[in-house]
There are 2 protein chains.
Amino acid sequence: MGEAKRTRVTPTIYDVAGRAGVSIASVSRVLNGQGSPRAETRMRVLRAVRELSFVPDGAARALSNQLKEVVGVVFRRGSEVPFEDEEESLLFIDVINRGIEVAAQRRGFDVLMSSVGIREDGVSTRVAAIAGKADGLILHDRMLSAAGIARLAESVPVVTLAGRPSRVSINVRCDNESGMRALIRHLVTDHGYRSLAFLSGHPDSPDNQARARVFEAQAIACGAEIHAAAAWHGDYSASGGARVIASLLDEGRILPRAIVCANDQTALGVMHALARRGIAVPNEVAVTGFDDVPVARHLHPPLTTVRQPIQELGATAFEVLHSRINGSAGRRDVVLPVRLMIRESCGCAHQPSPLPAPAATVADEA
Amino acid sequence: MGEAKRTRVTPTIYDVAGRAGVSIASVSRVLNGQGSPRAETRMRVLRAVRELSFVPDGAARALSNQLKEVVGVVFRRGSEVPFEDEEESLLFIDVINRGIEVAAQRRGFDVLMSSVGIREDGVSTRVAAIAGKADGLILHDRMLSAAGIARLAESVPVVTLAGRPSRVSINVRCDNESGMRALIRHLVTDHGYRSLAFLSGHPDSPDNQARARVFEAQAIACGAEIHAAAAWHGDYSASGGARVIASLLDEGRILPRAIVCANDQTALGVMHALARRGIAVPNEVAVTGFDDVPVARHLHPPLTTVRQPIQELGATAFEVLHSRINGSAGRRDVVLPVRLMIRESCGCAHQPSPLPAPAATVADEA
DNA sequence: GCTTACCCGGTAACCGCTTACTAAGTAAGC
DNA sequence: GCTTACTTAGTAAGCGGTTACCGGGTAAGC
């Protein structure tokens, strides 16, 4: 053994074949369990593989199989400068990503993660680079314009999260409509609050738009008054929520009885801002969120919110993409159910803890 | 145009060349900025690329270039069942991974993330699968035995985190020694605590071993008494820390004046357990951590700990791996400096907040 | 003993890209 | 006008796997 040794060339299937005294086809067959190699052949191959610590090259395999077994996930990193120190928790996106990862693993896929800076440009270039390295893409909210997604989806299977389905791409989201409807009913009917405001997230997020729309319709239907003004626009972040409240208060505006936030992070910022001004939640102002991020139940008071099956959202996105990669069609618009989580920030009393459900279970595959 | 159309074959470089009326070599050259194509050639290629939404196949590229521009990262997911609900924060590993990702992006690399269940077997199979899809690997603590790492590193560049360098693999860690030394000095010399205990992490973690070793040596050197017993063994988790304290208390054991935890998560669990029993921190028992995870400063009282440049740890791991992939040698044992973060859990008074440093900056590359 | 069937394993084509080598065309030099 | 030098673009050889196809050997059937 051993002519050119110090070149640190990783062994190829040819080296294995040579060492085992068989052909590369046999090596491949043994490694992939195809055909029916003789016991001895199998043994010799396996031994050679072990001796050389051979690991088949994924690129070559992918090229030959037309399958990389990789999905790309693209999302926005939170603000470059972590803004303030309050929001270093495992948030919405992280939980989704974990869901994707776990689901992918079950299928033998791996996940290529690529985050994009909040203000970074050249997003579509980066997305294209990922696309080339993966069999399909999962795009989080607001990564690309609708047109951009449509174009991309021409050449690669694409699943969006909390976006909108297009002619060529699939979208996975939760049932914003029923969630918001149940929430408003609880606030207006059960608690009797007559004045509400919706503190929005990113204006161009479909989730935000749906929530805002239903908020308005349902509040009116229930006969509540809506505080609508240019001021009530956040950006899904805690700082955004805090900023809105602070400036409202600075202007001497009177707050509504209940503030319905577009997501939990916003609610978190709102609660901080209110606490700073000495305004009691929920006694003076009720606050609600949306998502049910893990920290929501640890706030003071615990946050009433709408639970999305966050991890399942990710898992579902993967499953949908996976079957798409395998050529099957399926629905374009996948909607997962939500559930109203009544805790204390809405004004409900402390609940003797018949603890919620166990940790979220993941969807059974179709 | 267009015979077989409905097969959704992604366009290849041949299609682009055909459409532009040039050879594939020209397409490649235009796309990669090699050679000096005539302006017209360039234009025609670019147009064809646009019209077809062509994205070059990463696998083919990788095969030809011998470079995938992908690094694999393997780590353990926290307990399958999130144990209790307390620790859903952005923890050590997550921050490191973010550091890796950001650094990779600067070099045009992407990151293949693969988590392994806490009790999952077949780890080395999975690691091998990742290895085949990447140019190099970053392994978090305790993924593989030393022998396993050595074997793997024969065929793929490997960087470990918080492990030990081997003949063929590089390790990146922080300066446990000085951190622990400074911490003990502070507790014993500045506060005058005479009895200490070290609540360990995983027994086979090199970080844990180093911290334990220095704890002991330094405590003795300072003349403090050590509570050593089989009981003081945690596992880096909050639940582990809480369990140790609870059982100690149940047995009616008397606690030391200060508990030095192997990491922040453990300290978190310890503080919870102490609070539950009504034991005041730091007045009755002081508690310290190690790592300076983001939540550390939000505990009550804020946790005195040793700050590791966590994100930089990840970034450095990537940079080291990157230069290794490019063939350069370099040191095997990379050590990053730490810094003692004195807050209140050690018994120091509330500090008028000349807030620490701004967000961690990332190392300039060598 | 010779044909037929079957089982294994080898040869070679192909996956989509990069690039060394080469050819053709054009400009410059005598 | 013909040679020389330079620019641009095409041809073809890999990169490291998978697998269709084929051929040799052995067992079974007559």
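These are my notebook entries on a predicted model with chains A and B and DNA strand C.

**Ground rules.** Local features need pLDDT of at least 70 and side-chain atom pairs count only at pLDDT 80 or more, while totals for chains, interfaces and linings use all residues. Residues are numbered from 1 along each chain as its sequence is written, and chains are lettered from A and ligands numbered from 1 in the order in which they are written.

**Entry 1: a sheet in chain A.** I looked up an open sheet of 4 strands in chain A. Its order is β7-β6-β8-β9, with parallel pairing. β7 (225-226) and β9 (286-288) of chain A are the edge strands; each has a single partner strand, so one side of each is left without a neighbour in the sheet. I noted the terms: helices (H or I, at least four residues) and strands (E, at least two) are DSSP runs, numbered from the N terminus. Two strands pair if DSSP finds at least two bridges between them. β8 (residues 258-261) of chain A joins β9(A) in the parallel sense over 3 bridges. Val260(A) has Thr288(A) as its bridge partner.

**Entry 2: where chain A meets chain B.** I checked the contact next. Each residue pair in contact has C-beta atoms, placed from the backbone, within 7 Å. Chain A gives 40 residues and chain B gives 40 residues. On the side of chain A, the elements with two or more residues are α4, β2 (110-116), α6 (123-133) and α7 (146-155). β2(A) has the largest share, 6 residues. That strand also pairs with β2 (residues 110-116) of chain B, in the antiparallel sense over 3 bridges. I found Val111(A) bridged to Met113(B).

**Entry 3: around DNA strand C.** I counted a residue as near if its C-beta atom, placed from the backbone, lies within 6 Å. There are 28 residues around DNA strand C, and Ser23(A), Ala25(A), Thr12(B), Ile13(B) and Ser28(B) come nearest. α2 (24-32) and α4 (58-65) of chain A give two or more residues to this surface, as do α2 (24-32) and α4 (58-65) of chain B. The largest share, 6 residues, comes from α2(B).

**Entry 4: two helices in chain B.** I looked up α8 (residues 176-190) and α9 (residues 206-222) of chain B. Their axes come within 9 Å and cross at roughly 35°. Axes are lines fitted to C-alpha atoms, for helices over the stretch in contact, and angles run from 0 to 180 degrees between N-to-C directions. Among the residues that meet are Met180(B) and Ile184(B) in α8(B), and Val214(B) and Phe215(B) in α9(B).

How values were computed
Two residues are in contact if their C-beta atoms, placed from the backbone, lie within 7 Å.
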